[in-house]
Amino acid sequence: MRTFWRRGALSALAVVLSLLLCHTAALAQPEDAGTAQMKEEGKQPQAAPALTEQQRNARLQQLEAASERLYTHMQEGSAQAALADMDALIAALEGVSFKGLTSVEGIHALAESIMDAKETLVKAEAVPEEWAQSSARLRLAVNSLLHRDKALWQQYYKVMADHLLQMEKARAGGKPAELRAAFQALQSHYEVIRPAAVIRRAPSDIRQFESWLSYAGRLSGDKTWDEGALKSAIAQGEGALKGLFGRRGDEPVFLPITGFDSPWYWSGLIGLWIVLALAYTGFRKYRAAQSIKSVKRSEEETYRYRL
């Protein structure tokens, strides 16, 4: 019974999202041959009443509020509240046009994140990690749809750049296990932001980064350590990551790791600079103290002050 209800809910959700996709495509394209033929035959095609701009904005605000509540309740593990939030989220979507908000690929990504969260909710056994990940993925997708600038998913740039830096450190240090762990962490974070990125970024940027992920994943999983290929792949990952987040080409993801194999050299150099700075400060204080001379008053001035 539960399986039947789950399949029915997912099918209904797929139908709703498919209608939304068709509605959006119809707004962006001229009338098709079928509609023109119906008009020639004197038949009027039946269309759902379009929402006004005010109604559309209100629905989008309801969508964002529902996604925020859903995220909170799924993070807390509140199943009943989360199911109610999901129903509110789907209701807010009905009849809404996404024209001007995202591309067809973006609508597909949003639909996938909703269906993923819905399927996670109705599983017989709740898995906290899946609840946390699917709710975060949906929240970021909705936020990306409604906020072109300063979307939440953009905050993951620093996190993923840190993982890339850890990969480079592990490669330079000859530590395959650490490199694989850093890559898996980077890949996991990308899975969370992927729908949000697809909604906002060009398909070419998504393909470029995912191609790099596939290549780097194969290299990091190989039993044979190919340091040269890994070094080149990590350097390519810097450009792919900047393209994914729309960063400038001259903006560094991380500083080059210089002298990683001899950390004592750099520690000693930094210590030497500190000692030199302290010695110079002490020398200047000594010179200043030597230049101060006491001034004695003459007998005439002393006598004058006594009067």
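**Salt bridges, burial and cores**

Modeller: E168 and R171 join their side chains in a salt bridge, 2.8 Å from N to O. The model is a predicted one.

Biologist: What makes the E168 and R171 contact a salt bridge?

Modeller: The cut-off is 4 Å between a side-chain nitrogen of Lys or Arg and a carboxyl oxygen of Asp or Glu. The N to O distance here is 2.8 Å, so the pair qualifies. In general, side chains of opposite charge can pair when their charged atoms come close.

Biologist: What separates E168 and R171 along helix α7?

Modeller: About one helical turn, because they are three residues apart in that helix.

Biologist: Are E168 and R171 buried or exposed?

Modeller: Both are buried. They also belong to a network of salt bridges that takes in E227.

Biologist: How many salt bridges does the structure hold?

Modeller: There are 13. One of them pairs D85 with R69, at 3.4 Å from N to O.

Biologist: Why say that the D85 and R69 pair ties parts together?

Modeller: D85 sits in helix α4 and R69 in helix α3, so the bridge links parts 16 residues apart in sequence.

Biologist: What does the same test say of D205 and R201?

Modeller: Their side chains meet in a salt bridge of 3.0 Å, N to O. D205 has 15%, which is under 20%, so it counts as buried. R201 has 25%, so it counts as partly exposed.

Biologist: How do you know that the span of α3 agrees with a helix?

Modeller: The helix has 24 residues, 53–76, and at 1.5 Å a residue it should span 34 Å. Its end C-alpha atoms are 35 Å apart, so the two agree. Just after α3, G77 takes a positive phi of about 80°.

Biologist: Which residues of α3 are buried, and what covers them?

Modeller: R56, L60, L63, A66, S67, L70 and M74 are buried. The cover includes α4, α5 and α6.

Biologist: Why is S67 called buried?

Modeller: Its relative accessibility is 2%, under the 20% limit, so S67 is buried. Beyond four places in sequence, S67 touches L89 and V142.

Biologist: Which members of the largest nonpolar core touch the most others?

Modeller: F209 and W212, in a core of 35 residues. Helices α6, α7, α8, α9 and α10 each supply at least two residues. The most come from α8, with ten. In general, nonpolar side chains tend to be buried together in soluble globular proteins.

Biologist: Which residues does F209 contact beyond four places in sequence?

Modeller: M160, L186, Y190, A240, L241 and L244.

Methods. Residues are numbered from 1 along each chain as its sequence is written. This is a predicted model: local features need pLDDT of at least 70, side-chain atom pairs count only at pLDDT 80 or more; totals for chains, interfaces and linings use all residues. Side-chain values use heavy atoms; hydrogens and water are left out. Helices (H or I, at least four residues) and strands (E, at least two) are DSSP runs, numbered from the N terminus. The expected span of a helix is 1.5 Å times one less than its number of residues. Buried means under 20% relative accessible area, exposed over 50%, partly exposed in between (1.4 Å probe, protein chains only). Contact means heavy atoms within 4.5 Å. A nonpolar core is a set of buried Ala, Val, Leu, Ile, Met, Phe, Trp, Tyr and Cys residues joined through side-chain atoms within 4.5 Å.
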